[in-house]
Amino acid sequence: MGEKDAYLLRERLPLLLEAVQAEGYECIGPQWQNEAIVYDILNQVEQLPHGVQVNQYPGEYCGEIHEGNVRCFAWANGPQALKPFLFAPRETLWRVHRDNDGRLQFESATPEAPKRAIFGVRACDLAALALQDRHFLESDFPDPAYAARRENLLLIAVNCSHPASTCFCASTGDGPVAQAGYDLVLDELDDGFMIQAGTEEGQAIMARLNLIPVTDGHREAIEIQQEKAHEQLRQVPGKQLRDALFANLDHERWDDVAGRCLSCGNCTSVCPTCFCHSEEELAPLDGGSSEHIRQWDSCFTAGHSYIHGLTIRQQTRERYRQWLTHKFGSWHDQYGRSGCVGCGRCIAWCPVGIDVTEELQAICGSDDA
């Protein structure tokens, strides 16, 4: 589905927020807080990061505000992505208590899921969401907590006009222009936004706006902007690296990267597709009840590969190799594609500046790998 495009003048941007709020959605949007682009409650468009541009390099994320720059979305992604809004970092899955007869009574803890609209979603994060949907929803046992949040989610995407030097979404086939998965998608220019709908809900919101036709000048400017964004993206050696990675499990580069990696798990925390978790029981001392907790975990922790008194991957070398070969290799066996969407977060938020594109090039060889 796709609604014919139209144009929203910049001074009418508040109408979009008001239209979404009128449909009963809690609005979340990007904001400049603590020197980073983060998602937070959005009550008015003045909260959006007007004039903010962000530079990202290996191990470095820094932004600056350009006075006189009216754009709200002239930046590449922040650290969060969509994952925390659907796959909660920590949550209770079920509770159990002992009744008066001493029997255990279990109850589910499916969360209340408000109607939530997220503004400023990027193409790479829409692709990551599709992969998370595959894992949490499209199986014999769909995850009820994830499903509840996903059901009530409205996505307002913005095509990326200012990718970071760490971004490589084009080489994974996931950006910088959104192809699917959105309710509305915007292309931002100085005087406003070209807007298109991807769902009936998006069409209903467009119908509430005071829109004007898109001009040939708008289309030309957007086309140039998209081409320029595409040209700025870095590359990985190829979309299908499974065979090359598994043919190089003893490559000397694994030792090299292990000498730099801290096994901190930052890359998996900011990754929009990683879904590893651990579980634990929280029980008071009286033994009358317990909560079963799920929380994010990482294949870089010792506990991730602990099995009955034995840690399978004891060294950083094995942990980094597990992460890279799974993300770019065995995901193809599980989901028919790579687990990477080219957002570049793992590069920018690695405290020692490990660049996954360089590691892949070193291990997998030439661009033809």
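Analyst: Two strands are taken to pair if DSSP finds at least two bridges between them. Helices (H or I, at least four residues) and strands (E, at least two) are DSSP runs numbered from the N terminus. The model is predicted, so that local features need pLDDT of at least 70 and side-chain atom pairs count only at pLDDT 80 or more, while totals for chains, interfaces and linings use all residues. Residues are numbered from 1 along each chain as its sequence is written, and side-chain values use heavy atoms, with hydrogens and water left out.

Seven strands make up an open sheet with mixed pairing, in the order 1-11-10-9-8-2-3. Strand 1 (6–9) and strand 3 are its edges; each has a single partner strand, so one side of each lacks a neighbour in the sheet. On average, neighbouring strands here are turned by 30° against each other, direction ignored (axes are lines fitted to C-alpha atoms, for helices over the stretch in contact, and angles run from 0 to 180 degrees between N-to-C directions).

At one end of that order, strand 2 (residues 26–33) pairs with strand 3 (residues 36–41) over six bridges in the antiparallel sense. Within this pair, Trp32 is placed opposite Ile37 of strand 3. Two residues separate the strands, which form a hairpin, and Asn34 in the turn has a positive phi of about 55°. Strand 2 also pairs with strand 8 (residues 116–121), here in the parallel sense and over three bridges. Glu26 faces Arg116 of strand 8. Across strand 8 and strand 9 (153–158) lies helix 3 (residues 123–136), which runs at about 145° to strand 9.

A further open sheet has four strands in the order 7-6-13-12, and its pairing is antiparallel. Strand 7 and strand 12 (277–282) are the edge strands, each pairing on one side only. From one strand to the next, the twist averages 20°. Strand 6 (residues 90–98) runs antiparallel to strand 7 (residues 104–108), to which five bridges join it. Seven bridges join strand 6 to strand 13 (residues 289–296), again antiparallel.

Two backbone details fall in loops. Most residues other than glycine have a negative phi, and most peptide bonds are trans. Ala81 has a positive phi, near 65°, and is found in the loop between strand 5 (60–65) and helix 2 (83–86). Gly175 and Pro176 are joined by a cis peptide bond with omega of about 5°; Pro176 belongs to the loop between helix 5 (169–172) and strand 10 (184–189).

Turning to helix packing, the axes of helix 11 (residues 316–335) and helix 13 (residues 356–364) come within 12 Å and cross at roughly 85°. These two helices are therefore roughly perpendicular to each other (65 to 115 degrees). Tyr320, Trp323, Leu324 and Phe328 of helix 11 meet Val356, Glu359, Leu360 and Ile363 of helix 13 (contact means heavy atoms within 4.5 Å). Seven nonpolar residues, no polar and one charged make up this contact (Ala, Val, Leu, Ile, Met, Phe, Trp, Tyr, Cys and Pro count as nonpolar, Asp, Glu, Lys and Arg as charged, and the others, Gly among them, as polar).

A cavity is a set of points on a 1 Å grid over the protein atoms alone where a 1.4 Å probe fits but cannot get out, and its lining residues have an atom within 4 Å of a point. Points are joined across faces, edges and corners, and volume is the space filled by probe spheres set on them. The count is seven cavities of 30 Å³ or more. Among the 17 residues of its lining, Cys261, Cys267, Tyr320, Cys350 and Ile354 lie nearest the centre. Helix 10 (266–270), helix 11 and helix 12 (345–348) each supply at least two residues of that lining. By class, the lining has 14 nonpolar residues, three polar and no charged.

The second largest cavity holds about 120 Å³ and has 16 lining residues, of which Cys271, Pro272, Cys340, Cys343 and Cys346 lie nearest its centre. Helix 11 and helix 12 are the elements that give two or more residues to this lining, and helix 11 gives the most, with three. This lining divides into 10 nonpolar, four polar and two charged residues.

Technical notes: Parallel < 35°, antiparallel > 145°, perpendicular 65-115°, else oblique. 1 Å grid on protein atoms, 1.4 Å probe; cavity = no way out; pocket = protein on both sides within 12 Å on 5 of 7 lines; lining within 4 Å.
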